[in-house]
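Student: I would like to learn how to read helix packing and salt bridges in a model. Please take them in turn.

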Amino acid sequence: MKESNSFATEGRNLLAAANLSAAANLSAANLPAAHALPTGNAPSSLPPPPGFTAHLTGVSLTDLVRLQSLTEASGVFLVMSGERSGILHFAHGQLYHAETRELRGDAAALEILAWSEGEFIRSERAAASSATIVSTLDTLLSSALGITSTANPARSMAATGIRHKSEGAAYSDGVAERTPSSTRALRAAATPGVAAAPAPRRSSKLPEGRAMVSALLSPLGDLVEGQGPGAEALATRVAYVARLSEVIGRAMGSGETRALRVRYADSELAIQARADGHIFGCVISPDASANVRRDDA
Amino acid sequence: MLTERSLQSLRDIEGVYGSFIVNTAGQVTARDLPAVFDDHTLAEASERIARLWAVLSENGSPEYTLLEFAEYSLFVRGLSAHGELAAASPAGCLCVVVPPTVNLLALRLASKWAARSIDREPTALSASV
């Protein structure tokens, strides 16, 4: 459930119309260190095109991306949303590479496009030398718009084979009124007077460290890739636990499941729902759990 | 009374929206939550929470689990009617509704102490809500 849908582009001059030109240029020296990505023999970035620079607010990221496509823009754009950041590479209006701290390619693009607020900044970073995006921009935008909504019945049903109660009229009549309408409403009820601003989000990334066993499940629940002893047993467990989590989240009106962590005395089970509908689960070894504790701190 | 106080103590952790207790039968036995969560909503979720905890406990008793949803997160810790035997014979769960930004380390300790108090309450896991 989006609380807002607003992206700002940074620039030196105010642009009068949203559909005129691209975002502003920022020096590479201004970029966060996290984005000092290796570029290998990548070609140098194109010099920014002549024209206006812009500072816009209230524009969705998908619209800004569409604008690059419409104007057949080439360049690298840094997207920052809270503590998250990612990079989008365009060539002649085509999005051909995307990258976040953890993801690359289509998955990274979907992750970035699902962010509802932030900044969209032209970077002087060198263009990526190879393409990692497989899907068309239209496909990515359609998927992203589906992901950003709280309910994606078609995708969820494809993943579980079970039609959700919310798809039925009998369910939607009553539950929609009972379940909390939004995080902001809940925060307002729970913490009156301090709930005006949206809270930053804890990263749902997987704990760092070596996985003893892992399983990647397709949206249909098939084991796509398993590593380590007992991967199939883990896959079964992950599939059922993920499904139960989804039902719990739906019953409580808390939206789709992002991740699940289970801490045992000597290990940790981590499950992550990916933007493309796949579910990844792994059991982290005791050594890696130490990293998790540091991460928590 | 002790159970209610234990649940309320969890609100000392910044951001905690509230908490509730679920027994192994999936019944909510105590709650300290805003009214936006009505009893019917909780009943629907608690049955699945009890089942989830049972599944997660098959290969050893977890210390806790954190379910991260798009809107907020649910922290779950095991309870027992026999105090320190919680790991050996889970008899229910303490569930805490938290924002994604909650201080997990502080919550782990706060919930541990709350769980101990609740474990000592003979009626904490008897359905009454």
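Predicted model: local features only at pLDDT ≥ 70, side-chain atom pairs only at ≥ 80, totals over all residues.

Student: At what angle do helix α7 of chain A and helix α2 of chain B pack?

Tutor: Two packed helices are described by the angle between their axes and the distance between the axes. Axes are lines fitted to C-alpha atoms, for helices over the stretch in contact, and angles run from 0 to 180 degrees between N-to-C directions. Helices are DSSP runs (H or I, at least four residues), numbered from the N terminus. Here α7(A), residues 231-251, and α2(B), residues 39-56, pack at about 160°, with axes 8 Å apart. That makes the pair roughly antiparallel (angles over 145 degrees).

Student: Which residue forms a salt bridge with Arg243(A)?

Tutor: Side chains of opposite charge can pair when their charged atoms come close. The rule requires a side-chain nitrogen of Lys or Arg within 4 Å of a carboxyl oxygen of Asp or Glu. Arg243(A) pairs with Glu246(A), the closest N and O atoms being 3.8 Å apart. The two are three residues apart in α7 of chain A, about one helical turn. Glu246(A) is buried at 16% relative accessible area (buried means under 20%, with a 1.4 Å probe and protein chains only). Salt bridges that share partners join Arg243(A), Glu246(A) and Arg250(A) into one network.

Note on methods
Residues numbered from 1 in each chain as written. Chains lettered and ligands numbered in written order. Heavy atoms only, no water. Parallel < 35°, antiparallel > 145°, perpendicular 65-115°, else oblique. Buried < 20%, exposed > 50% of the residue type's maximum accessible area, 1.4 Å probe, protein only.
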